Amino acid sequence: MTLQIPLPEDRLRPEPASPWRRFSYLIRVNSADPTLLLGLALVAVFAYLILAPVLLLLADAVTVHFADTARTGQQLGTFTLYYLNRVLLSPIAQDLFWWPLANTAIISAGAIAIAFLVGGPIGWLLARTDLIGKKWLSTALLVPYMLPSWTFALAWLTLFKNRTTGGLPGWMETFGVTPPDWLAYGALPIAVILALHYAPFVILLFGNALKQFDTQLEDSARSLGASPLDVARKIILPLMLPSLISAATLIFAKCLGDFGVAYVLGVPVGFDVLATSLFRAISTSQAGASAVLAGVIVLLGIFSILIDMRLLKEAKRFVTIGSKGAMVRATPLGKWRTPAFLWALAVFAFSAGIPLLALALTTVMRVPGAFSLDNFTLDYWIGQDLPTVAMRTGILLSPDLWQAAWNTISIVGIASICSGILGVLTGYVVVRTTIRPLAIFLRQVTFMPYLVPGIAFAAAYLSLFAVQRGPIPGLYGTTLILILALMADQMPYASRAGISAMMQLGKDPEEAAQIVGAGWFRRMTSIVIPIQKGSLVTGILLPFISGIKGLSLFVILAVPATDVLTTFSLRLVDYNYTQAANAVVLIIAGLAYGGTVLAQRLTRTNLAEGLGN
């Protein structure tokens, strides 16, 4: 028998910890600093609310749906190219996809061209000249972007509507002039309205780029004999090209997902774009075809935004051209100073002043455009026993309006608060975690909704929540699906606000509180949130403003019982209740503009900062 004597190192070696002891140790560690657990929880939430809908949407484009099992001859859920063939190559592909794609390209190109023609000179006047009233104009010319785009579509319809679609006459018809169809509906008005709505992109990007451009470069070129055309073509344009292309890609991405303008001015005459074609496919229960159309919109949106991000990186090379000796000198307009001011004033009038005035006047007219005193009335606001089928009272006395207003405030408010809180928590994890892949994933997944146009994101949510999946019941027709969709859709704004705020907050205050025994929740409520309350307000207010005027997301997911103000006004448009629809739109515009001004006051920022100085 061999006697085994334990060696000293054997006596010192600790016994392996049991699984329960390891688990309790992790609990104690993470209760003091739960960044990892919080990050994993956020990963699960965003993977389900953001990533899963988009992936399921793309999967729906290549899997057989129940309604098409007989038509395809395949079993439910199996792989198929039937929907891709139907949308891209079948006899109906021309009406379902190719014409809407062409129309989308046409109005996008037209909107970009017009926006450049309007916004480029305005940006130069505000940034580089002694234009009269620069400070006021630098804010006033951005008003069209603060308001819903389809507000101006309804204003256009109020002014130029003809007998093609019936209903009340437009102003021009009341004046005795019948506008042709190409002026009243279709590509031209849609492109013009989108251009005027998104021209502030050009004004801001081009104007701010000009503000950073050193005028000494121009002086040097002229001293060497270069003509003004050569200076513009060989010096200014190459340096401004990143900002101009960035503006173009942003306008294209916005036009791609814009639904309201094309619905108001295109659908009545059969002029479809990708967004309205997708809406029609969903309305007719073509799940597979709608998945293909939404997938195309998603891919085009991602491609355009990625181009913009790349160009913004390229633009950083031109930020410090003149270093500390850079000089930006205002160009005197001389005798053109007054004409330039009148032209800028005319742009404001046509892009915001006249449309809003036309909408407001229409709400107090029995016959639009008739200015006799007996034609003016407040019945459409506060009247009773109106001679209409459904709207028997003025809009302010309608219970449907107040129900839609309550739905809007509650749905958008809850979603905004949740997205603001999630944005702060995301910022906390991204900045505090030592696990780089976790931070990168949270950054990227919360930015994804920005790459997906709203109507395509709504279609993705419809794919995920239309039926019961596991323990989660079907949510279509409930307010919960609207809250979840809006919350996820607004995460790019909320998360960026949270990340930027947390990057400015050091660890010292938290470490000091931890030393005296404060737990994580106490540190968050007593230190982090009070210090970062400004960013939390921003992360709540910005999604609230965007949600108030949003249409593309709600038009797919809302039903009459869950109407918000935007979908309620669109239903009034469908019923040809022009005055009531315009009144609701004015309420939405007032809320959106007031919210934007309030956000700028609270955050001490200005959309036009620097342009009017």
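This section describes pockets, helices, aromatic pairs and selected residues of a predicted model.

Residues are numbered from 1 along each chain as its sequence is written, and side-chain values use heavy atoms, with hydrogens and water left out. Because the model is predicted, local features need pLDDT of at least 70 and side-chain atom pairs count only at pLDDT 80 or more, while totals for chains, interfaces and linings use all residues.

Empty space was examined first. Rolling a probe the size of a water molecule over the atoms shows where empty space is left. The search used a 1 Å grid over the protein atoms alone. A cavity is a set of points where a 1.4 Å probe fits but cannot get out. A pocket is an open set with protein on both sides within 12 Å along at least five of seven lines. Lining residues have an atom within 4 Å of a point. Grid points are joined across faces, edges and corners, and a volume is the space filled by probe spheres set on the points.

The second largest pocket holds about 1,000 Å³ of space. Its lining has 41 residues, of which Ile282, Ser285, Ala287, Ser290 and Leu462 are the closest to the centre. Two or more lining residues come from each of α3 (35–60), α5 (82–88), α16 (274–283), α17 (287–315), α22 (454–465), α28 (552–557) and α29 (565–574). Helices here are DSSP runs (H or I, at least four residues), as strands are (E, at least two), numbered from the N terminus. The largest share of this lining, 5 residues, is from α17. By class, the lining of the second largest pocket has 24 nonpolar, 10 polar and 7 charged residues. Ala, Val, Leu, Ile, Met, Phe, Trp, Tyr, Cys and Pro count as nonpolar, Asp, Glu, Lys and Arg as charged, and the others, Gly among them, as polar.

The structure holds 1 cavity of 30 Å³ or more. The largest cavity has a volume of about 50 Å³. Its lining consists of Val118, Leu141, Pro144, Leu196, Ala199, Pro200, Ile203, Val347 and Ser351. The lining of the largest cavity has 8 nonpolar residues, 1 polar residue and no charged residues.

Buried means under 20% relative accessible area, exposed over 50%, and partly exposed in between (1.4 Å probe, protein chains only). In helix α23 (residues 479–489), 9 of the 11 residues are buried, so α23 is largely enclosed by the rest of the structure. The buried residues of α23 include Ile481, Leu484, Met487 and Asp489.

Aromatic pairs follow. Rings of Phe, Tyr and Trp (its six-membered ring) pair if their centres lie within 6.5 Å; planes under 30 degrees apart count as stacked, over 60 as edge-to-face and the rest as tilted. By this rule there are 19 aromatic pairs. The rings of Tyr145 and Tyr198 have centres 6.2 Å apart and planes at 55 degrees, so this pair is tilted. The pair links distant parts of the chain: Tyr145 is in helix α8 (residues 143–146) and Tyr198 in helix α12 (residues 187–211), 53 residues apart. Tyr145 is partly exposed at 26% relative accessibility, whereas Tyr198 is buried at 5%. Phe457 and Tyr461 form a tilted pair, with 5.3 Å centre to centre and 45 degrees between the planes. Both lie in helix α22, 4 residues apart, about one turn of the helix. Phe457 and Tyr461 are both buried. Tyr48, Phe457, Tyr461 and Phe465 form one aromatic cluster.

Several loop residues complete the picture. Thr433 lies between α20 (399–432) and α21 (436–451) and is buried, with a relative accessible area of 15%. A polar atom of the Thr433 side chain lies 3.1 Å from the backbone nitrogen of Ile435. Most residues other than glycine have a negative phi. Asp385 is not a glycine, yet has a positive phi of about 55 degrees. Asp385 sits in the loop between α19 (379–382) and α20 and is exposed, at 64% relative accessible area. Asn576 also has a positive phi, near 65 degrees. Asn576 is in the loop between α29 and α30 (578–603) and is partly exposed, at 35% relative accessible area.

Conventions. A polar contact is a pair of N or O atoms within 3.5 Å; within protein, one must be able to donate a hydrogen and the other to accept it, and residues adjacent in sequence count only if both atoms are side-chain atoms.
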